[in-house]
Amino acid sequence: MKRTILSLCFLSLFLTSAFLFLIYEKKDVFDEDAKKYICIANSGFFYWNSIHEGIKAADREMGSYTKWVEFNRYDTEEQIRQLKKTNYLDLDGVITVGEPYSEQLNEVLKEISDRGIPIALIDTDSPDSGRDYYIGTDNYEAGRLAAQTIAEQTGGICEALVIVSRLTYANQNERYKGFSDAASEYENMKVVSIIEAEGDKLTMQEQLAKTFEQFPSVNAIFCAESASARRLGPFLETLQKTDLTIVGFDRSDATLRFVQDGFYAATIAQSSYDIGYEAVSCLNSWEQGAPPETVYTDVVCITQENVNDFLSSPKEKK
């Protein structure tokens with residue numbers, strides 16, 4: 001029994017040491033006075049990889065160091081676990097994703113802020129979290145841009161579907177509201193159905209099939225998140241539905257190819273590289289007394305006319 005307890009103690013000590021080693025490189029790798037940050041963000045997809053590239057570029061330029069830690073998409077519990085680990089680290093700032101509907105996440109962020117550590121939220125804002133900065137897309141305006149693009153393509157005569165993962169996700173809810181408000185400005189344009197696909201291909205396909213039966217006059221679709229934009233095209237091809245006006249979200253290779261082929265009218269792309277770059281820049285300016293602020297990065301409407309510029313340039317440039 002004693003041997004088992006000792007083994008567990010040694011294992012715990014080893015894992016703690018390994019974690020701290022992974023968080024920071026050896027002291028001789030960078031200046032001891034360098035600002036040290038951690039970014040706890042979603043994993044996978046071009047969008048998040050591009051944010052990481054922006055963070056690394058800012059670190060190189062500003063002499064800071066940011067550890068990148070990933071959690072599965074929308075796994076708020078894991079995000080909170082990773083944030084709580086920062087209690088044991090000597091940090092100059094935290095970058096992470098906000099979620100205004102999560103009281104538990106906001107409490108953890110407030111605890112970090114109360115320790116005097118500045119917080120930069122990316123992708124989704126949570127103003128009541130005690131954060132110092134929000135850097136990301138104005139999601140409401142992105143939704144408006146999608147609606148205006150569809151209105152131009154359809155002459156404002158439109159029955160539209162909106163696909164989200166869940167409307168309880170703040171950023172997608174804001175995009176839907178922007179789309180819906182813009183659509184209401186056109187006499188003959190309306191949203192007839194919202195599909196919450198949970199980012200799952202089969203769920204999206206099942207709900208789409210039912211929706212097409214219920215609303216056969218649907219002539220437009222807005223994908224308010226990237227997963228549905230990537231997966232929608234192949235499914236519509238199997239249904240031989242090639243007469244819809246489709247606007248996707250973000251700039252995955254699959255989505256850009258559908259824009260290039262003319263199957264999608266457009267996709268609304270976020271400036272993800274700039275989000276990462278500006279997050280580090282804000283944290284670097286915090287000690288200089290820079291006031292808390294919201295930094296809205298640009299969104300771009302990618303159409304068949306300009307899609308080749310994005311296909312030929314896999315990395316965004318600041």
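Predicted model: local features only at pLDDT ≥ 70, side-chain atom pairs only at ≥ 80, totals over all residues.

Analyst: An α-helix has 3.6 residues a turn, so residues three or four places apart point the same way. Helix 5 covers residues 139-154, which is 16 residues. At 1.5 Å a residue it should span 22 Å, and its end C-alpha atoms are 23 Å apart, so the two values agree. Just after helix 5 comes glycine 155, with a positive phi of about 70°.

Most residues other than glycine have a negative phi. Aspartate 123 has a positive phi of about 75° although it is not a glycine. Its place is in the loop between strand 4 (119-122) and strand 5. Aspartate 123 counts as buried because its relative accessibility is 6%, and the limit for buried is under 20%. Aspartate 250 is not a glycine either, and its phi is positive at about 70°. This residue lies in the loop between strand 9 (245-249) and helix 9 (253-260). With 9% relative accessibility, aspartate 250 counts as buried too.

A search of the whole structure finds 1 cavity of 30 Å³ or more, and the largest cavity holds about 150 Å³ of space. It is lined by 15 residues, and Tyr47, Trp48, Arg73, Tyr74 and Asp123 lie nearest its centre. Helix 2 (45-62) and helix 6 (170-183) are the elements that give two or more residues to this lining. By type, the lining residues divide into 5 nonpolar, 5 polar and 5 charged.

Helix 6 is also the place of glutamine 172. Glutamine 172 is buried, with a relative accessible area of 0%.

Now the rings. The structure holds 7 aromatic pairs. Among them, tyrosine 47 and tryptophan 48 form an edge-to-face pair, with 4.9 Å centre to centre and 80° between the planes. Both partners are buried: tyrosine 47 has a relative accessible area of 7%, and tryptophan 48 is at 5%. Tyrosine 134 and tyrosine 296 have ring centres 6.2 Å apart and planes at 75°, so this pair is edge-to-face as well. The pair links distant parts of the chain, since tyrosine 134 is in strand 5 (residues 133-137) and tyrosine 296 is in strand 11 (residues 293-297), 162 residues apart. Tyrosine 134 counts as buried at 2% relative accessibility.

Elsewhere, ring pairs link Phe179, Phe222 and Phe249 into a cluster. One ring has a charge over it: lysine 241 lies over the face of phenylalanine 212, at 4.5 Å from the ring centre.

Key:
Residues numbered from 1 in each chain as written. Heavy atoms only, no water. Helix = DSSP H or I, 4+ residues; strand = E, 2+ residues; numbered from the N terminus. Expected span 1.5 Å × (residues − 1). 1 Å grid on protein atoms, 1.4 Å probe; cavity = no way out; pocket = protein on both sides within 12 Å on 5 of 7 lines; lining within 4 Å. Points joined across faces, edges and corners; volume = space filled by probe spheres on them. Nonpolar A, V, L, I, M, F, W, Y, C, P; charged D, E, K, R; others polar. Phe/Tyr/Trp six-rings, centres within 6.5 Å; stacked < 30°, edge-to-face > 60°. Buried < 20%, exposed > 50% of the residue type's maximum accessible area, 1.4 Å probe, protein only. Lys NZ or Arg CZ within 6 Å of the ring centre and 35° of its normal.
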